[in-house]
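Please look through the model shown below before reading the notes on it.

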Amino acid sequence: DPLFDRPVLQVRLAIQGMTCSSCSSAVESALSGVPGVAEVKVALAMDEAFVAGDSTKFTAQDVVTAIEDAGFEAQIKSVETQKDEGIVHEIEIDVEGMTCSACQNSVEGILAAVKGVESASVSLITGKAKVTYMLSETKSRDIIKAIEDAGFGASVSQESQSSSSRNKTRESDYWRTLFRRSLMFTVPLFLLSKILPHTSPGLHRILMSEVWGVFLPLHQVLKIALATPVQFWIGRRFYVGAYNALRHGSANMDVLVVLGTTASYAYSLASVLFHSMNKHKYAKDYQPTDFFETGATLITFICLGKYLETSAKAKTSNAISKLMELTPDTAILVELDENNQVKSEQEILTTLIHVGDHLKVLPGSKIPTDGTVSSGSSYVDESMITGE
């Protein structure tokens, strides 16, 4: 593959806003259109995407921009560059103890001096450092140790499963809010359209009375006043999604919702105005046909469906988060000599484990990560995984 003649950039991203296969296709199409991108994988169930391509033609930020232009939100999870010398990895580190620009410059100098580090940028405001380094020459724990030896606190920033769970919970709350707001307008609109005109002749006469200065019956004015916020305020999210989808030459569920509800609203408004301008209101046996409640009801039920869907996803994500919390915070790293005998042991954070490390698991302790058993034997309780 000619791609591997050049440095390969690999980016993993978390994506928010994908709800169906059309959404994932739109994201895949947007990513494929980025110059230099050779491979794209979008996982709808995981809300993630993987992109690989020529690092000389695009950056991770270009990928994020392409996704956001398609109408979705994206957050970078990991960035790696594969070169002839090995894999270049990028991590974000939380640095504690920086109080001034001199501290910031000191940390940058420390990071630049670590063998294998290609670039390092430190932000005093956010207290974070972004470091790019060769995996074959150094490891994240060596970088952390260098910062700690200089008198600062350091830990690897984690975009954890709990953060993903919070995002899904936030999305569920968003749709619940939209549903409640839509319901506040749709219920009175439905009652006004289907129930109240048939309850009593007196109420019917009141609803049919003309509003001064508007020259429309009261019930038509109320219908327009109730349907318009649902259509264009609560439904604004669908219009934005439809615009972004059509702009990239694709159609998704937002396009379908906008077509149906806008047709209903526009026809109803045109029918009412045509009736008024042509004096049909004086023909007592004629009433304009309107479907204001149809579009509002459709948007309300879609908001309800979105809320139920995101709520189920949030509960699933919470369950996965609780499962991930079973992972131990630390692991025992062992260093082997040329005879594969243990030369030294060191307790490290599980976030600092790298491929190729040898770990020691004591009887009764939790296994910190996936791997293969190189020596020894024991029993493992799998009940939390298998449900037995």
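What is the order of the strands in the open sheet of three strands? The order is β12-β11-β13, with antiparallel pairing, where strands are DSSP runs of E of at least two residues, helices are DSSP runs of H or I of at least four, and both are numbered from the N terminus. This is a predicted model, in which local features need pLDDT of at least 70 and side-chain atom pairs count only at pLDDT 80 or more, while totals for chains, interfaces and linings use all residues. Residues are numbered from 1 along each chain as its sequence is written, and side-chain values use heavy atoms, with hydrogens and water left out.

**Confidence**

- The protein chain has an average pLDDT (the predictor's confidence in each residue, from 0 to 100) of 83, and 92% of the residues score at least 70.
- Among the elements of the protein chain, the highest mean pLDDT, 92, belongs to helix α7 (residues 218-234), and the lowest, 68, to helix α11 (residues 383-386).
- Where pLDDT is low, the predicted coordinates should not be read in detail.

- The edge strands are β12 and β13 (358-360), each of which pairs on one side only; strands count as paired if DSSP finds at least two bridges between them.
- Strand β11 (residues 330-336) pairs with strand β12 (residues 342-349) in the antiparallel sense over seven bridges, and Thr330 stands opposite Leu349 in β12.
- Five residues lie between the strands in the hairpin of β11 and β12, where Asn340 takes a positive phi near 60 degrees.
- Between β11 and β13 the pairing is antiparallel over three bridges, with Ile332 opposite Lys360 in β13.

**Helix α3**

- In α3, the residues Cys103, Gln104, Val107, Ile110 and Leu111 are buried, meaning under 20% relative accessible area, with exposed meaning over 50% and partly exposed in between (1.4 Å probe, protein chains only).
- Seen down the axis of α3, these buried residues fall within an arc of 125 degrees (taken from the directions from the helix axis to the C-beta atoms), so they line one face of the helix.
- Ala112 and Ala113, on the other side of α3, are exposed.

- Ile147, which lies in helix α4 (residues 140-149), is buried, with a relative accessible area of 1%.
- Leaving aside neighbours within four places in sequence, Ile147 is in contact (heavy atoms within 4.5 Å) with Ile93, Val95, Ile110, Leu111, Phe152, Gly153 and Ala154.
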